[in-house]
Amino acid sequence: MTMAMPGSIVAVLLLMLLLIVLLLLIACKPWRFFSYYRSRTIKSTDLERPLVSDAADVTQNQINELPRDYDLEGALQSDGHFRSSRLHGLIHKQRLQAPSPHLSQGDRLVPDVTCDPSGDILVGQTLKRTYITNQTPEIPKRAKQIVGSEPRSEIASQDVSHGRSYLTLEVISGPSRGVRYSVRSTDTSRLPLTLGRVPHSDLQLKDSEVSGKHALIKWNLNNMKWELVDLGSLNGTLLNSQPINNPDSGSRQWGDPMELVSEDVITLGTTSKVYVHITSQIESQIPFGVGIASDPMALRRGGKKLAMEDICYYHWPLPGVDQFGLFGICDGHSGVGAAKSASVILPEKVATILSDSLKRERVLSLCDASDVLREAFSQTEACMNHYYEGCTATVLLVWVDSDENYFMQCANVGDSACVLNVHGKQIKMTEDHRITSHSERLRIEQSGEPLKDGETRLCGLSLARMLGDKFLKQQDHRFSSEPYISEVIHVEQGSKAFALMASDGFWDVISMKKAIQLAIQAREKHSTGAENSAEKVANFLLGEAKTLRTKDNTSIIFLDFDVSHRITCKVEP
C-alpha cells in the first residue's frame with residue numbers, strides 16, 4: 001500500500017506536466033510556422049514580383065501601381081499611375097522603370113493620372129484638393145512633355161543654349177493689377193526673384209490671400225529654363241489652373257519646380273493672376289551696340305562674402321514707346337532692396353509718362369525730356385517704401401528721330417556717373433552728390449543749414465541725394481531725391497560716339513579721362529571681332545577696375561554708337 005502511493009504521485013505529476021505542455025502548445029501554436037512554409041512554394045516567376053502580404057485582397061490583375069513616394073498619410077503625388085483598390089494599411093513600392101533613352105537632360109515626361117471610381121481609398125484620407133478625376137486630365141498647351149514636341153527655331157535654340165532669355169511678369173488681375181517686373185536670365189544679381197506680399201518681394205502683390213513669401217522663379221542653368229516654385233504658401237499656387245504647391249498645405253513645404261513658358265498664367269491665392277511673357281534674345285532693331293559687365297569685387301575686400309548691391313538694366317524700346325530706350329544703374333546701400341525696386345519702378349514711370357502722346361510729342365519737338373525725367377524720379381520716390389535702405393539712380397534716356405539721329409539726356413541722384421565721347425570730346429552727363437562734392441555742399445548751404453568744415457558724412461552717409469532712405473529724410477531735411485538733369489546731347493550718324501555708365505566702384509579707381517582712353521583702346525582692339533564688341537569693351541573696363549583693386553561693387557554699361565564698329569547683337573526685345 002505504501003509502495004503504490006509514490007507511483008500514483010508520479011503519475012499525477014506526469015499528467016500535470018503533459019497538461020502544461022499541451023497548454024503551451026495551444027498558446028504558442030508552433031504548427032503555424034510549419035504550415036506557412038509548406039504553403040509557400042517559391043516559383044521562378046515570384047522572384048520578379050514585389051513581396052506583399054497574403055492578407056491583402058489583391059489579385060494579379062489588380063496590382064496597385066503606387067508611386068514610390070506614396071506614404072501612409074495618403075498624400076497622393078501626381079507623378080505616377082494609380083489605380084485605387086481596397087488598401088488595408090499596405091504600401092506597395094514598385095521598382096522604378098529605367099528612363100527612356102530618348103529623354104535628354106531637362107526633359108520632363110508627364111504620365112496619365114487616372115482614378116478608378118469603384119475603389120475606396122482607406123489609408124489616411126487627407127487629400128484636400130482634387131488632383132485627379134474620372135477622366136484623363138487635360139494637358140495644357142504648355143505641357144511639360146518635351147518628347148516629340150516640335151523643335152524651336154534655330155535662333156531661339158541657340159539663345160537658350162547660351163542662357164539668354166528675358167522674363168516679363170505682369171499682374172493682370174487682383175489688387176496689384178498692372179504691376180510689371182522684367183529680368184534677364186544673365187542678370188544673376190536679381191535672381192532668383194520672389195513673388196509675395198512683403199515689401200522686399202521682387203514682385204510685390206498687395207493681396208491678403210498672398211503669403212509674405214509665396215513663390216519664386218529661378219533660372220535653371222542645367223536645362224536653360226525658367227522654373228516656378230511654390231514656397232509653401234497657405235492658399236496655394238496654380239499654373240494654368242493646375243496646382244503646383246505641396247499637397248500637404250499644412251506642412252509649409254516647398255513644391256516641386258515647374259517649367260515656365262511664354263503665355264503661362266500664374267495664380268496666387270484666388271484673385272491675383274500673373275501673366276508670363278518669355279522671349280529669347282533674338283535679332284533686334286536696336287541701332288547701336290550694348291555691353292554690360294558687373295562684379296561684386298568681394299575678393300578685393302578681404303574675401304568677405306558681401307552682397308552685390310548694384311543693379312544694371314536697360315529697355316530698348318520702352319514698352320509702348322518705340323522711339324525711346326532707357327539705360328540705368330542703381331547702387332544700393334544697407335541692402336539691395338531699394339536698388340531692385342528703383343530698377344523696376346523708374347523705367348515703368350518713364351514709359352507711362354511717355355505713353356501720353358502730348359508729352360511724347362513735346363519731347364520730340366523740343367528735344368528735351370527734362371520734365372519727363374524729373375516727374376519719373378518724383379513718382380518713383382513716392383512709390384518706394386524703403387525706410388532703412390536707399391540707392392543711387394543714374395538713367396540715360398535715348399531716343400531716335402526719323403533721320404536716325406540720336407538724342408540723349410541723363411538724370412541722376414548719387415555718385416554713379418555717365419560720360420559721353422562725341423567727336424573726341426568728353427561730356428560729363430551726371431553730377432556727383434557725395435558730401436565732399438563742391439556743388440552738393442553748396443546746395444546744402446543754400447538750404448539754410450551748412451555743413452561744418454571737415455564734415456564728410458550726413459547721418460553716417462557719404463551721399464546727400466538718393467532714392468529711398470525715408471527714415472533719414474524724415475530726420476534731416478538736407479537729404480534729397482531731386483535729380484540732376486543734363487543737357488540734351490545730339491549725336492549724328494558717323495560721329496563715332498559712345499557712352500559709358502558705371503557705379504562708383506569703377507570711378508573710385510579710374511578717372512573719366514582715363515576711362516575714355518581705355519574705352520577707345522578696347523573698341524579699336526575688338527572692332528573686327530565676330531561678336532558684340534560693346535560687351536567686350538565693358539568687360540575690358542571691368543578688368544581694369546579689378547587690376548586697380550577697387551573695393552566696391554562695380555557695374556558698367558557701354559553704348560557704342562559707331563556704325564562702323566557695330567555688328568548685329570543679340571539683346572532683349
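Which residue in strand 23 is the bridge partner of Met-408? The views below, taken from a predicted model, begin with that pair.

**View 1. Strand 18 against strand 23.** Ile-489 in strand 23 is the bridge partner of Met-408. Strand 23 covers residues 489-491. Three bridges join this strand to strand 18, and the two run antiparallel.

**View 2. Strand 18 against strand 22.** Strand 22 spans residues 484-485. Two bridges pair strand 22 with strand 18, again in the antiparallel sense. Tyr-484 of strand 22 is the bridge partner of Asn-412.

**View 3. The hairpin of strands 17 and 18.** Strand 17 (residues 393-400) runs antiparallel to strand 18, joined by eight bridges. Leu-396 stands opposite Cys-410 in strand 18. Five residues lie between the strands of this hairpin. In the hairpin, Glu-404 takes a positive phi near 60°.

View 4. Strand 18 comprises residues 406-413 and is mostly covered, with eight of its eight residues buried. Tyr-406, Met-408, Cys-410 and Asn-412 point one way. Phe-407, Gln-409, Ala-411 and Val-413 point the other way. Residues on both sides are buried.

View 5. Strand 9 pairs with strand 6 (residues 225-230) over three bridges, in the antiparallel sense. Leu-228 stands opposite Met-258 in strand 9.

Definitions and conventions: Residues are numbered from 1 along each chain as its sequence is written. This is a predicted model: local features need pLDDT of at least 70, side-chain atom pairs count only at pLDDT 80 or more; totals for chains, interfaces and linings use all residues. Side-chain values use heavy atoms; hydrogens and water are left out. Buried means under 20% relative accessible area, exposed over 50%, partly exposed in between (1.4 Å probe, protein chains only). Helices (H or I, at least four residues) and strands (E, at least two) are DSSP runs, numbered from the N terminus. Two strands pair if DSSP finds at least two bridges between them.
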